[in-house]
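Subject: Model handover

Hello,

Here is the model for you to look at. Please open it alongside these notes.

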Amino acid sequence: MSLRICYMVTATLPTHDLCAQYVAWLEDGHVDQVIRGGAHSAMIVRLAPDAQGRERVMTQYVFATRELFDTYVAVHAPALRAEGQRLFG
């Protein structure tokens with residue numbers, strides 16, 4: 001049995017509206033792009049607010065092998081991360 005790789009991204013957002021926009025962005029294509037980039041599956045999890053009351057969302061991606069994860073990081077992640085930074089800071 002091979003070990004899978006779990007890649008977790010946690011976003012902290014200052015307002016409920018921005019959090020809702022972020023989750024919509026994840027659901028409306030970003031998660032699918034990561035899956036097309038090599039992830040086996042994904043899950044979006046809303047976390048408890050941080051100490052300052054900011055909303056938090058964690059997205060977990062599972063990759064079947066280290067090689068698939070490494071390829072995702074090298075080939076697909078830079079553009080996807082840049083888009084997230086552009087949209088949500």
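First, the ground rules. This is a predicted model: local features need pLDDT of at least 70, side-chain atom pairs count only at pLDDT 80 or more, and totals for chains, interfaces and linings use all residues. Residues are numbered from 1 along each chain as its sequence is written, and side-chain values use heavy atoms, with hydrogens and water left out.

Salt bridges

A search of the whole structure gives three salt bridges. The term means a side-chain nitrogen of Lys or Arg within 4 Å of a carboxyl oxygen of Asp or Glu.

- R46 and E55 pair through their side chains, at 3.1 Å from N to O. R46 is partly exposed at 48% relative accessibility. (Buried is under 20% relative accessible area, exposed is over 50%, and partly exposed lies in between, with a 1.4 Å probe and protein chains only.)
- D50 pairs with R54, and their closest N and O atoms are 2.7 Å apart. D50 is buried, with a relative accessible area of 17%. R54 is partly exposed at 35%.
- D70 pairs with R66, with 3.1 Å between the closest N and O atoms. Both sit in helix α2 (residues 66-88), four residues apart, so about one helical turn separates them. Helices here are DSSP runs of H or I with at least four residues, strands are runs of E with at least two, and numbering starts at the N terminus. D70 is partly exposed at 37%. R66 is also partly exposed, at 45%.

Strand β3

E55 belongs to strand β3, which covers residues 55-63. Contact means heavy atoms within 4.5 Å.

T59 is in strand β3 too. Is T59 buried or exposed? Its relative accessible area is 1%, so T59 counts as buried. Beyond its neighbours within four places in sequence, T59 is in contact with Y7, M8, V9, Y22, L26, V31, M43 and I44.

Best wishes
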